[in-house]
Amino acid sequence: MKSFKQHSGLVAPMDRANVDTDMIIPKQFLKSIKRSGFGPNLFDELRYLDEGFPDQDNSQRPLNRDFPLNQPRFKGASILLARENFGCGSSREHAPWALDDYGFRVVIASSFADIFYNNCFKNGLLPIVLSKDIIDSLFIALEANEGYELLVDLQQQSVNLPDSSSISFEIDAFYKQCLLDGVDEIGLTLQDGGQIRAFEQQWRKNSPWLFDAL
Amino acid sequence: MAGLTLYDKLWDSHLVKQRDDGSALLYIDRHLLHEVTSPQAFEGLRIAGRKPWRIDANLATADHNVPTTTSERAGGIAAITDKVARIQVQTLDDNCEAFGITEYKMNDAGQGIVHVIGPEQGATLPGMTVVCGDSHTATHGALGALAHGIGTSEVEHVLASQCLVAQKMKNMLVRVDGVLGVGVTAKDVVLAVIAHLGTAGGTGYAIEFGGEVFRRMSMEGRMTVCNMAIEAGARVGMVGVDEITLDYVKGRKFAPTGELWERAVANWQTLHSDDDAEFDAVIEFQGEAIEPQVSWGTSPEMVLPVNGVVPDPEQMDDPVKREGASRALDYMDLKAGQKLTDIQVDRVFIGSCTNSRIEDLRAAAAVAKGRRVAANVKQVLIVPGSQAVKVQAEAEQLDQIFIDAGMEWREPGCSMCLAMNADKLGAGEHCASTSNRNFEGRQGNGGRTHLVSPAMAAAAAVTGHFIDVRELMASETA
Ligand code: SF4
């Protein structure tokens with residue numbers, strides 16, 4: 001996975017609760033057998049006024065000018081500010097792939113759906129949970145200040161505001177280390193290959209019906 | 001010391017290693033694959049030069065993208081008109097062949113929606129850990145298995161190591177006692193539960209469904225309920241093993257037989273929560289109080305009994321809820337105070353991993369029998385969950401009942417549940433759907449989904465609007 005240590009960037013708003021993964025990347029784009037190229041179709045149904053298809057020239061499509069990512073002030077944003085239960089619904093990893101491909105490195109929300117949250121880490125995207133009150137205040141600050149930027153420091157577990165105050169966040173120790181090091185998670189697991197084999201042999205003895213049936 | 005929950009038992013028995021940082025390596029018994037979330041995982045394996053750890057743990061099928069018309073299916077993969085879908089279905093075949101993974105290809109007798117065929121073929125069994133790159137994997141928890149959805153990177157991880165890096169969830173018990181009324185089904189129960197819990201209420205929990213209602217419920221019903229645990233935010237839904245479970249599993253293609261069956265049963269009989277198990281959260285319902293449900297909004301928690309009215313966002317205290325509800329009413333083109341039974345239906349979809357099993361089709365057929373699709377309804381799709389369900393339904397001549405009623409009898413697949421193939425809603429159309437998600441655009445750009453049970457969907461099809469299916473049942477007996 002990509003490593004993540006520190007990131008400073010422009011913030012864009014996604015001001016609604018329960019943003020589901022269908023909304024982040026609609027199903028017609030899941031037909032791709034690749035991992036990249038989803039950025040132009042991130043939030044497709046909100047971003048464009050017509051219906052999108054895979055392999056289309058997106059630059060020719062009519063834009064929904066009301067959608068924040070289409071507004072000049074949020075051009076180049078790399079931190080997404082969202083609300084509760086972000087990433088609910090389908091387990092598609094295409095959702096973090098699309099966010100990453102678009103250029104986002106951090107998503108801040110008051111809560112995340114479990115599978116999406118997991119999927120973020122596999123792709124060097126940092127999901128940060130902050131309290132509802134803090135999220136509210138960030139939305140207000142973002143609205144009021146053009147060019148609103150944040151500095152996120154994973155080592156320190158802090159989000160640093162333009163007024164040089166800082167907010168700390170919680171993160172699981174394992175995920176934090178994986179992100180900081182940019183580890184190959186599979187490689188890490190396979191270091192325990194001997195232990196997995198030993199478990200498997202015992203398990204086969206206990207529950208032989210779970211093996212060799214297919 | 002308090003006893004163990006079913007989830008605790010399954011977790012403990014599959015724990016390979018508890019790491020110091022709180023994460024754990026969990027051994028995976030069954031890994032299900034489909035064409036949408038697997039290609040990038042196989043590609044990852046190839047790039048890293050890795051091989052699958054244990055081939056016989058994997059089972060694949062093509063379901064999300066496959067066409068459902070008999071004519072398009074007859075031509076095989078080459079005849080799939082959508083080029084991108086064709087490549088994806090072909091890629092699954094190629095990957096399974098290259099790695100030696102058992103696959104039910106598009107027109108094989110065992111093919112179907114991945115969550116329908118697992119239990120049906122005995123490929124998912126009690127006591128297993130089951131994962132799949134699909135959030136509705138919770139379905140298999142109905143068998144007393146620990147089953148949940150994973151992302152594509154995890155698909156690759158499981159392929160390569162037979163393990164998942166996991167963290168233990170909290171335990172929640174959803175208890176429904178009493179009995180369900182006539183015309184009230186598993187789908188209504190789970191929709192009522194989600195309405196109460198909210199779409200994030202189960203986040204971080206493994207939900208066990210307990211109580212009399214689930215004890216009496218068929219395996220098909222339990223699968224419907226566990227299937228939708230994710231719609232309450234919980235990755236895992238499960239029901240303890242009992243005689244109904246064992247009866248269901250016995251004789252299935254990949255289920256153990258003879259002496260192995262006896263040993264397995266002895267083991268499976270321990271797969272329920274201990275009487276003194278402690279749950280982190282308990283939610284209780286009374287079966288008699290649950291009525292047929294209809295969703296009115298764009299999130300599965302936006303659901304009400306069919307005789308209710310569309311809620312008024314202005315009356316909601318929570319500003320985020322109010323905003324969400326008024327956005328939903330705009331999208332759905334509904335007005336506060338409008339009766340749910342006044343909503344006209346343009347299309348009806350009976351299918352999906354939630355409600356496409358034989359019992360679901362029987363329930364829909366019972367309502368459709370001797371009736372005709374209402375004039376304002378453009379299309380009613382009946383999509384069996386698997387080839388085996390299709391064969392069984394045809395043996396019972398359910399297909400003829402549907403066809404006589406003016407409905408379309410299709411080939412197995414996900415179909416209009418997520419509209420990756422040609423089966424989709426037009427913009428603005430209202431659909432009575434037995435699927436699991438009513439998100440904006442889920443069934444087609446601009447489409448408006450109302451989640452209901454198969455009987456309620458059939459009732460909407462023949463009357464042209466939502467109606468309490470019990471009224472149609474009453475007129476039959478009158
Ligand atoms: S039927 Fe729908 S929910 Fe189920 S696996 Fe297919 S697309 Fe997913």
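Helices α2(B) and α6(B) cross with a right-handed sense. The model described here is predicted.

**α2 and α6 of chain B**

- Helix α2 of chain B spans residues 39-48 and helix α6 of chain B spans residues 152-161; their axes come within 8 Å and cross at roughly 50°.
- The two helices α2(B) and α6(B) are therefore oblique to each other.
- On the α2(B) side the contact is made by B:Gln40, B:Ala41, B:Phe42, B:Gly44 and B:Leu45.
- On the α6(B) side the contact is made by B:Thr152, B:Val155, B:Glu156, B:Leu159 and B:Ala160.
- By class, the residues of this α2(B)–α6(B) contact are six nonpolar, three polar and one charged.

**Interface of chain B with chain A**

- Chain B contributes 80 residues to the contact, and chain A contributes 61 residues.
- About 6,100 Å² is buried between chain B and chain A, with 56% of it on carbon and sulfur atoms.
- Of the area that chain B buries against chain A, 11% is supplied by B:Gln40, B:Trp53 and B:Asn445, more than by any other three residues.
- Six salt bridges are found by the rule across the interface of chain B and chain A.
- A salt bridge joins A:Asp192 to B:Lys17, and their closest N and O atoms are 2.9 Å apart.

**α13 and α16 of chain B**

- The axes of helix α13 (residues 358-368) and helix α16 (residues 454-463), both of chain B, come within 8 Å and cross at roughly 30°.
- That angle makes α13(B) roughly parallel to α16(B), the limit for this class being under 35 degrees.
- The crossing of α13(B) and α16(B) is right-handed.
- Seven residues of the α13(B)–α16(B) contact are nonpolar, none is polar and one is charged.

**α3 and α4 of chain A**

- In chain A, the axes of helix α3 (residues 94-102) and helix α4 (residues 114-121) come within 9 Å and cross at roughly 50°.
- This makes α3(A) oblique to α4(A).
- The α3(A)–α4(A) crossing is right-handed.
- A:Ala95, A:Pro96 and A:Leu99 of α3(A) make the contact with A:Phe116, A:Asn119 and A:Cys120 of α4(A).
- The residues of the α3(A)–α4(A) contact comprise five nonpolar, one polar and no charged.

**B:Gly308**

- B:Gly308 lies in the loop of chain B between β14 (303-305) and α12 (319-332).
- Setting aside neighbours within four places in sequence, B:Gly308 is in contact with B:Gln338, B:Lys339 and B:Leu340.
- B:Leu340 is 32 residues from B:Gly308 along the chain, and the C-alpha atoms of these two residues are separated by 6.1 Å.

Key: Residues numbered from 1 in each chain as written. Chains lettered and ligands numbered in written order. Predicted model: local features only at pLDDT ≥ 70, side-chain atom pairs only at ≥ 80, totals over all residues. Heavy atoms only, no water. Axes fitted to C-alpha atoms, helices over the stretch in contact; angles between N-to-C directions. Helix = DSSP H or I, 4+ residues; strand = E, 2+ residues; numbered from the N terminus. Parallel < 35°, antiparallel > 145°, perpendicular 65-115°, else oblique. Left-handed = near helix turned anticlockwise from the far one by under 90°. Contact = heavy atoms within 4.5 Å. Nonpolar A, V, L, I, M, F, W, Y, C, P; charged D, E, K, R; others polar. Buried area = accessible area lost by both parts, 1.4 Å probe. Salt bridge = Lys/Arg side-chain N within 4 Å of Asp/Glu carboxyl O.
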